[in-house]
Amino acid sequence: MKPNLGLLVLSTALVGAMTIFAAGCSKYSDTTGTPAPSTTVGTEIDDSVVTTRVKSALLADPDVKSFDFKVETRKGEVQLSGFVDNQAQIDRATAVTRAVAGVKNIDNKLSLKGEATTVGNKVDDGIITTKVKSALLSDANVKSFDIAVVTRKDEVQLSGFVDNQSQIDRAVEVARSVEGVRSVRNEMSIKK
């Protein structure tokens, strides 16, 4: 009996959504005792606007395939992460981002893809990404809504802004423990 690929992807997405919902209902507790640097509501809104502007600029640029980018902003610092085809795309994405109003600094965490992937690799990577996100959401010591997860050929890239080094260490440890993960690339930054 051959499994239906569409049904497999749909059921994986459903399990991931249910896990996110269940984990999102649990309370996060920081066991390190280190308070996260605070931001104002105005700063949060400004950062959201900058993130949206950067994503729009990347989507509008014909030389950059922005679908593999993750964009996070913290106090005007934009973090770009994900996998791209070549160095020219990294350079162009940086230039496009720098031209966006409100961008104070760019933290470039983009990585080169390497060789081409197959449809099977993409499906497997999607499943691994869902498993890693679920594992991060289930861990009370990781503030996982601040962490972006991208997988390419079983290599997981974690990026975003987190409160402290212990969250980074724990997120990497959790991601490494997920079945199917070959390696973990830490591209997270501590909130300033």
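1. Exposed here means over 50% relative accessible area, and buried means under 20%. The model is predicted. By that cut-off, Ala88 and Arg98 of helix α3 are exposed.

2. Helix α3 covers residues 87-98, 12 residues in total. From first C-alpha to last it reaches 17 Å, close to the 16 Å expected at 1.5 Å a residue. Its N-terminal end is capped by asparagine 86. There, a side-chain oxygen lies 3.2 Å from the backbone nitrogen of alanine 88.

3. Which residues of α3 are buried? They are Gln89, Ile90, Ala93, Thr94, Val96 and Thr97. These residues sit on the same side of α3 because they cover an arc of only 165 degrees around the axis. Ala88 and Arg98 lie on the other side.

4. Strand β5, residues 155-162, is mostly covered: eight of its eight residues are buried. In a regular strand, side chains alternate between the two faces of the sheet. One side of β5 carries Glu155, Gln157, Ser159 and Phe161, and the other Val156, Leu158, Gly160 and Val162. Both faces are covered.

5. β5 pairs with strand β4 (residues 147-152) in the antiparallel sense, over six bridges. Valine 150 stands opposite glutamine 157 of β5. The hairpin of β4 and β5 has two residues between the strands. Lysine 153 in that hairpin takes a positive phi near 50 degrees.

6. With strand β6 (residues 183-190), β5 pairs in the parallel sense over eight bridges. Serine 183 in β6 is the bridge partner of glutamate 155.

How values were computed. Residues are numbered from 1 along each chain as its sequence is written. This is a predicted model: local features need pLDDT of at least 70, side-chain atom pairs count only at pLDDT 80 or more; totals for chains, interfaces and linings use all residues. Side-chain values use heavy atoms; hydrogens and water are left out. Helices (H or I, at least four residues) and strands (E, at least two) are DSSP runs, numbered from the N terminus. The expected span of a helix is 1.5 Å times one less than its number of residues. Buried means under 20% relative accessible area, exposed over 50%, partly exposed in between (1.4 Å probe, protein chains only). The arc is that of the directions from the helix axis to the C-beta atoms. A polar contact is a pair of N or O atoms within 3.5 Å; within protein, one must be able to donate a hydrogen and the other to accept it, and residues adjacent in sequence count only if both atoms are side-chain atoms. Two strands pair if DSSP finds at least two bridges between them.
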